[in-house]
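Colleague: I have some labels to go through. Tell me what stands behind each one.

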Amino acid sequence: MLENLTARPADKILALMAAYKADPRTEKVDLGVGVYKDASGNTPVMRAVKEAERRILADQSTKAYTGLAGDPAFGAAMRDLVLGDSVPAERIAAIATPGGTGAIRQALELIRIAAPQATVWLSNPTWPNHPSILKYLGMNMAEYTYFDSVTRDVNFDGMLADLRQVAKGDVVLLHGCCHNPTGANLTYDQMSQVIEILQEKGAVPFIDIAYQGFGDGLDADALITRQIARAFDNVLIAASCSKNFGVYRERTGVLMAIAKDADQQALTQQNLAFLNRQNYSFPPDHGARVVTTILTDPGLRADWEAELEETRNGMLALRQQLADELKRLTNSDRFDFIAQHRGMFSRLGATPEQVEEMRETHGIYMVGDSRINVAGLNADSVPILARAIVDAGV
Ligand code: LMR
């Protein structure tokens with residue numbers, strides 16, 4: 001049987017992680033996978049997470065199964081965090097999932113059941129796992145223009161032109177904030193225009209929000225998601241807790257489906273629970289319980305928000321430092337986009353050859369499309385990166 005298997009292409013981001021580990025140079029810089037690192041290169045367990053875990057360890061009296069949708073308190077807490085009061089709770093179906101990827105996978109499976117002919121539209125570029133899962137599931141996909149490689153901003157006219165090709169019932173995947181891999185984001189007004197087109201076309205928005213709190217703040221980063229939630233009968237939202245709670249390996253995420261009314265919500269909830277049962281039965285609980293504990297305890301929540309703000313402001317400062325350093329070295333403002341981008345990532349606009357050169361000569365690891373993880377930098381490595389960018393002729 002196993003002789004029938006064929007080799008799979010390695011995931012670019014994960015392959016880069018391995019290449020970095022194998023590099024013996026001590027002065028190497030890892031700007032690859034999207035994991036937050038502090039100035040000393042550590043990925044800390046957040047203070048509120050430690051405390052929530054301590055409480056759970058002390059108080060938890062059973063490890064019996066929760067429910068197929070996970071603990072309803074987790075669904076409610078995440079609903080409030082992501083959607084605020086934009087949509088009545090009775091319209092929102094939710095399941096806990098193994099991370100944001102689990103939520104994306106379940107959303108796509110839901111689409112496959114409910115609208116098997118629908119085309120799922122992805123931004124070009126997008127997180128590589130989006131097309132990879134779609135392809136694996138054998139679903140129809142198409143791309144819409146997103147990035148302008150000259151300005152390193154959103155190519156908004158190109159985006160609108162492509163979205164005008166969307167057919168009724170198609171699904172359009174949008175990044176809720178902190179676009180991965182580019183770092184370039186739509187404004188609220190631009191999103192209003194996108195919403196108008198999608199409404200006109202009868203499309204269904206699907207939002208992937210994996211970096212809430214990493215851009216302009218917890219509520220500011222949810223604005224676009226809430227704006228879309230208010231505007232459509234049906235919206236799918238995959239939210240990850242990996243980054244903003246730093247619980248990467250606990251696999252904590254949620255899929256929310258906004259239904260037209262309470263009856264449709266009940267039907268959707270039942271289908272989502274069914275999908276969990278088919279794929280892994282009960283979703284993981286530990287990370288979800290940690291998140292719920294933090295979000296529902298005012299003291300822990302305040303501490304988590306404070307630490308998240310430190311993280312966010314640290315990344316913004318690194319962006320500014322890098323943009324300033326590049327301005328100094330090049331005597332131009334063509335790298336100012338780095339300070340304007342938001343989230344963990346920026347796409348520099350370097351060619352694959354330039355990316356390779358920066359790796360070989362300076363030990364700087366970034367994804368082949370020139371996506372850098374800003375959190376992989378610190379005040380000492382920013383000048384090294386700036387010098388490498390200039391030397392490579394980016
Ligand atoms: C990334 O884009 O680097 C992260 O989302 C991690 C991953 O799983 O690819």
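Modeller: Start with residue classes: Ala, Val, Leu, Ile, Met, Phe, Trp, Tyr, Cys and Pro count as nonpolar, Asp, Glu, Lys and Arg as charged, and the others, Gly among them, as polar. The model is predicted.

Colleague: What makes up the shell around the ligand, by class?

Modeller: The shell has 3 nonpolar, 2 polar and no charged residues. Its members are Ile13, Val33, Gly34, Trp127 and Asn180. Ile, Val and Trp are on the nonpolar list, and Gly is counted as polar.

Colleague: How do you know how confident the predictor is in the protein chain?

Modeller: From pLDDT, which runs from 0 to 100. The protein chain averages 97, and 100% of the residues score at least 70. For the complex, the predictor gives an ipTM of 0.92 and a pTM of 0.96.

Colleague: Why is Gly100 called buried?

Modeller: The cut-off is 20 or more other C-beta atoms within 10 Å. Gly100 has 25 C-beta neighbours inside 10 Å, so Gly100 counts as buried. The residue sits in helix H4, residues 99-114.

Colleague: What does Gly100 touch beyond four places in sequence?

Modeller: Asp208, Ala210, Ala238, Ala239, Ser240, Ser242 and Gly253. Contact here needs C-beta atoms within 7 Å. Cys241 is 141 residues from Gly100 in sequence, yet their C-alpha atoms are 7.3 Å apart.

Colleague: Why does Ala52 count as buried?

Modeller: Again the threshold is 20. Ala52 has 23 C-beta neighbours inside 10 Å, so Ala52 passes as buried. Ala52 belongs to helix H2, residues 47-59. Outside four places in sequence, Ala52 contacts Val290, Thr293, Ile294 and Leu300. Thr293 is 241 residues away in sequence, but 6.1 Å away in space, C-alpha to C-alpha.

Colleague: What is the strand order of the open sheet?

Modeller: There are 7 strands, in the order E2-E10-E9-E8-E7-E3-E4, with mixed pairing.

Colleague: Why are E2 and E4 at the edges?

Modeller: Each has a single partner strand, so one side of E2 and one side of E4 (140-145) are left without a neighbour in the sheet. From one strand to the next, the twist averages 20°.

Colleague: What does helix H9 touch on the sheet?

Modeller: Helix H9, residues 262-279, packs on the sheet and touches E2 and E10. The direction of H9 makes about 15° with that of E2.

Conventions: Residues are numbered from 1 along each chain as its sequence is written. This is a predicted model: local features need pLDDT of at least 70, side-chain atom pairs count only at pLDDT 80 or more; totals for chains, interfaces and linings use all residues. Helices (H or I, at least four residues) and strands (E, at least two) are DSSP runs, numbered from the N terminus. A residue is buried if 20 or more other C-beta atoms lie within 10 Å of its own, exposed if 12 or fewer, and partly exposed in between; C-beta atoms are placed from the backbone. Two residues are in contact if their C-beta atoms, placed from the backbone, lie within 7 Å. A residue is near a molecule or strand if its C-beta atom, placed from the backbone, lies within 6 Å of it. Two strands pair if DSSP finds at least two bridges between them. Axes are lines fitted to C-alpha atoms, for helices over the stretch in contact, and angles run from 0 to 180 degrees between N-to-C directions.
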